[in-house]
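Subject: Structure handover and notes

Dear colleague,

Please find the structure below, as promised, together with my notes on what was found in it.

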Amino acid sequence: MEAFDLLNKKLQKVIHEMKWESFRPIQNEAILHLIGAPSDVILSAQTAGGKTEAACLPIISQIADSGKNAVKIVYISPLKALINDQFARIEALCKNLDFPITKWHGDASASRKAKLIDNPAGILLITPESIESLFLNRTEYLKSLFGSVEYIVIDEIHSFIGNERGTQLRSLMNRIEYITGTHPYKIALSATISNIDDIAKWLNPDNSSSVKIIEDEKKTKETAGIIKCYESALHDEGGETKKSTKDAISPIKQDLFNVLKQGKNLIFANSKMVLEEYCDAMQNIAEQEGLPNTFYIHHGSLAKNIREESEHLLKTKNNISVFCTSTLELGIDIGNIDRVVFLAPPFSVASLTQRLGRSGRKKNTRKEFRFFLEENAHTDNVSWQDKLRIQLIQSIAIVELMMQGFSEPLNTTTFDYSTFVHQILSYLGQTGGANASELYHVIGEVAFNSAFSKKDFIEILQNLYAEKIIYQLPDKTICLAQAGEKIVENYEFYAAFSTQKEWKVLYNNREIGQLTAANILFLEEGANFLLAGKRWEIIEIKKTNRIIIVKKAQAKKSLKFSSSAQNIHQAVQQKMLEIYQNNFTPKYLSKNSLPILQEAFEIYNTDIAPQGSNILPVFEGSRIQNTIGLLLKQQEIDVENIDIGFFYENGKQELIHILKAIDFSSIDKDALINLLDRSLKYKKKFDHLLPDAILNKSYEQECLDFEGAQEFVEKLSAVTILQQLGINS
């Protein structure tokens, strides 16, 4: 039987009205499976691959007649904007069906939420944080809301795996099943990923072989692009840029403008500061050339209405450029993008692939990338990273790996102690108190699938007691102490990940965005900064209310937003090493960038590759780099960490000799990690509530790799022996 014939007649009518000529293969297969022999499912396809309809058509069809009596589908999304976007698409599919579709997040209608609580029905679209809020604030309604759910759809599941939100989400889903006694089918939507079988284990740890994997076999579209690298203006001793004139436009910004002034573009950077600076520059050039402003900005520190304006314009305009962070990386529908521009290399191949998937969605078009990179000019004061042109080499490495079909495997086995603490506090907040056995059963065994031992659990409870977060009644019931209640009752608790304190920026009593506490350290009344692509002068800073009052300004002083670097995968740095060693020059590198790349090769060949070099190259990824650095710290060796290796005044060979002398079998990991100040080991929201030994384990799995470091040192030994024998390795 054809997939279409299996669908509910009312849904068939909608599809006819939408003038669909046919289903995509992934949609056909999903309909046949979910209606014929349902199970947990992973639907994997590139951006705009039809995943949403593949999931929703069969399950909406299944609840077409029962959806008005209870909530039957829960659709979980990582972003409020994505919920808003998918709401419209699902609402269109359900227009002939007699049940409600409800958005539930911080910006959604309170009256619609209240209506759902009173009469649970239809489809609920929600974020993990809002589910957490329901557990704490609507505890008595959990069974009525979730007791009849038949399907849970997890959108963009790859954005949840390996981080606190994913750990929280899986815990909450397990807790829902525990409370309701139900086991809904789970349908995960994902971009193309390399270790999809591991995702199946994440989705169904008890029976991963039952998870149906449906992948889009459609041939990847042609990809084209160019990398352009520019040398920055010289700097004086004070660090100020020297310019020929006060308002001189740098070549990189002028060239970028010439590309962006036509078509529909997304421009990504790794810091909000860079986005603000470049958006401001594009607006200035447009004004100077008498052209309309088509440049907008989108990041998490902007007010909701400013973000939504950019999203609306992307959907409706054909000539627009939006400077954005990962806020536009996920699948909110913004139509076809002509090109995706990068002002810095993404931290991962997966991120490059996801962002690039925004382009080339029309027929007879290709995906197009453009890199506009700026490297510091060589002076006596520049770092080794500058000399080696790390940005440029990393960009080439990531593009090469993407074209080879590589993507970093998602980490599905992380032991997230921080979120374990979060869920312990959540359960105490939900129930008002529980004894240790109940608490471990529900959170340790049910919610976390026994991932944490009872010993770890008891040590965490003891530390929470010592920190006065919890207390115990005479009957052994564990309750939240006053400090614990303060944590749980704060709305920020709903998120298991850390959020920086935000300061509201107001202009004419209207919010234009937020700044973090780190930003405020550099600001004072009268200072100027950039936000929302415009210049502002601070009139007043209200510290008590965390409010900054501003007026429009003309000065060009920009605000430096803080940003935290992410781990770089081992495969990326190994590809970088291969590029250096082979003097690899890609065809997509612009001609004017060739001298800059050749400089990098010359520095590598003269200052790093020789045996007498002062630099020991590592190129094994951030975790192995961190581990070797810690081992050298224990040996009291003073080295300079240069991201891809270490600089040592006494030379590479002595550093190799020191590393070879380390007995990895006798390393006391706790003693080694304790060389770091405790606060430096806080990587997640509730790490500060972990006892020392468990904090060390958490830090190790997040930042270190002892086995990888040992393998690197062993390889060093083999290479050194071969070199001593005069044999080229």
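Predicted model: local features only at pLDDT ≥ 70, side-chain atom pairs only at ≥ 80, totals over all residues.

Residues are numbered from 1 along each chain as its sequence is written, and side-chain values use heavy atoms, with hydrogens and water left out.

Q385 belongs to helix α15 (residues 384-387); helices (H or I, at least four residues) and strands (E, at least two) are DSSP runs, numbered from the N terminus. At 19% relative accessibility, Q385 counts as buried, given that buried means under 20% relative accessible area, exposed over 50%, and partly exposed in between, with a 1.4 Å probe and protein chains only. The side chains of Q385 and D643 are joined by a polar contact of 3.2 Å. That term stands for a pair of N or O atoms within 3.5 Å, where within protein one must be able to donate a hydrogen and the other to accept it, and residues adjacent in sequence count only if both atoms are side-chain atoms.

The sheet and its helices

β22 and strand β23 (residues 645-647) pair in the antiparallel sense over two bridges, two strands being paired if DSSP finds at least two bridges between them. The open sheet consists of three strands in the order β21-β23-β22, with antiparallel pairing, and its edge strands are β21 (615-617) and β22 (640-641), each of which pairs on one side only. Helix α24 (residues 622-634) lies across β22 and β23 and runs at about 35° to β23, while helix α25 (residues 652-660) lies across β21 and β23 and runs at about 55° to β21. For these angles, axes are lines fitted to C-alpha atoms, for helices over the stretch in contact, and the values run from 0 to 180 degrees between N-to-C directions.

Backbone angles

Most residues other than glycine have a negative phi, and most peptide bonds are trans. E636, in the loop between α24 and β22, has a positive phi of about 60° although it is not a glycine, and E636 is exposed at 73% relative accessibility. N509, which lies in the loop between β16 (502-507) and β17 (510-516), likewise has a positive phi, of about 65°, without being a glycine; N509 is exposed, with a relative accessible area of 77%.

Nonpolar cores

A nonpolar core is here a set of buried Ala, Val, Leu, Ile, Met, Phe, Trp, Tyr and Cys residues joined through side-chain atoms within 4.5 Å. Of the 52 residues in the largest such core, I227, L266, L392 and Y580 touch the most other members, and helix α16 (residues 390-403) contributes the largest share, nine residues. Leaving aside neighbours within four places in sequence, the contacts of Y580 include L388, R389, I390, F601 and F619. A second, separate core of 40 residues includes Y230, F257, I267 and A532.

Salt bridges

The structure holds 24 salt bridges, each defined as a side-chain nitrogen of Lys or Arg within 4 Å of a carboxyl oxygen of Asp or Glu. One of them joins K684 and D416, whose closest N and O atoms are 3.7 Å apart. K684 lies in the loop between α26 (669-673) and α27 (692-703) and D416 in the loop between α16 and α17 (417-431), so the pair ties together parts that are 268 residues apart in sequence. Both K684 and D416 are buried.

R366 forms a salt bridge with E222, with the closest N and O atoms 3.7 Å apart, and these two residues are 144 residues apart. R366 is partly exposed, with a relative accessible area of 43%, whereas E222 counts as exposed at 54%. Finally, E231, R389 and E599 are linked in a network of salt bridges.

With best regards

Methods: Contact = heavy atoms within 4.5 Å.
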